[in-house]
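The sequence and structure are shown first.

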Amino acid sequence: AQQEHEELSASELKEPGFWGSTMTLKNVWRDRSGVVVGKTKKTFKTSKNYFTIKQVAANIVKFEIKDRTKSSWFGGVDAHHIFFEGLHPNQDGYSVSWGS
């Protein structure tokens, strides 16, 4: 059977997951005609020059709590796209990519 996720050890979670002293996540929601209907932008800071894997995951959760509620997937909040596919650069930081 194919495993859908892999648990990381405590020591693996302490490894660098994002380089830099700030991490900005941003998303723009548009309706079908392309009109912006919502925006979310959140910057996280660290005193080190990197965020651990655990911190990256926590930052994504904090961002998604604010951002996901702005979605409208078949008339409600998008609970379908739940598989993390990475962070992708955008104009002001990074967007979180989700697959289904």
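## Nonpolar core

The largest nonpolar core comprises nine residues: Phe18, Met23, Leu25, Phe44, Phe51, Val56, Ile60, Phe63 and Val96. A nonpolar core is here a set of buried Ala, Val, Leu, Ile, Met, Phe, Trp, Tyr and Cys residues joined through side-chain atoms within 4.5 Å. Strand E2 and helix H2 (53–67) are the elements that give two or more residues to this core, and H2 provides the largest share, three residues. Helices (H or I, at least four residues) and strands (E, at least two) are DSSP runs, numbered from the N terminus. In soluble globular proteins, nonpolar side chains tend to be buried together.

## Basis of the model

This is a predicted model, in which local features need pLDDT of at least 70 and side-chain atom pairs count only at pLDDT 80 or more, while totals for chains, interfaces and linings use all residues. Residues are numbered from 1 along each chain as its sequence is written, and side-chain values use heavy atoms, with hydrogens and water left out.

Phe63 lies in helix H2. Phe63 counts as buried because its relative accessibility is 1%; buried means under 20% relative accessible area, exposed over 50%, and partly exposed in between (1.4 Å probe, protein chains only). Beyond its neighbours within four places in sequence, Phe63 is in contact with residues including Leu25, Thr40, Phe44 and Val96, where contact means heavy atoms within 4.5 Å.

Phe63 and Val96 are separated by 33 residues in sequence and by 9.2 Å in space, C-alpha to C-alpha. With the neighbours within four places in sequence again left aside, the contacts of Val96 are Leu25, Ile60, Phe63, Glu64, Phe84, Gly86 and Leu87.

## Pairing of E5 and E6

Strand E5 (residues 83–90) pairs with strand E6 (residues 93–99) in the antiparallel sense over seven bridges; two strands pair if DSSP finds at least two bridges between them. A hairpin of two residues joins E5 to E6, and His88 stands opposite Ser95 in E6.

Trp29 is located in strand E2 (residues 22–30). A polar contact of 2.9 Å joins the side chains of Trp29 and Asp67. A polar contact is a pair of N or O atoms within 3.5 Å; within protein, one must be able to donate a hydrogen and the other to accept it, and residues adjacent in sequence count only if both atoms are side-chain atoms.

Thr52 belongs to strand E4 (residues 50–52) and counts as buried at 9% relative accessibility.
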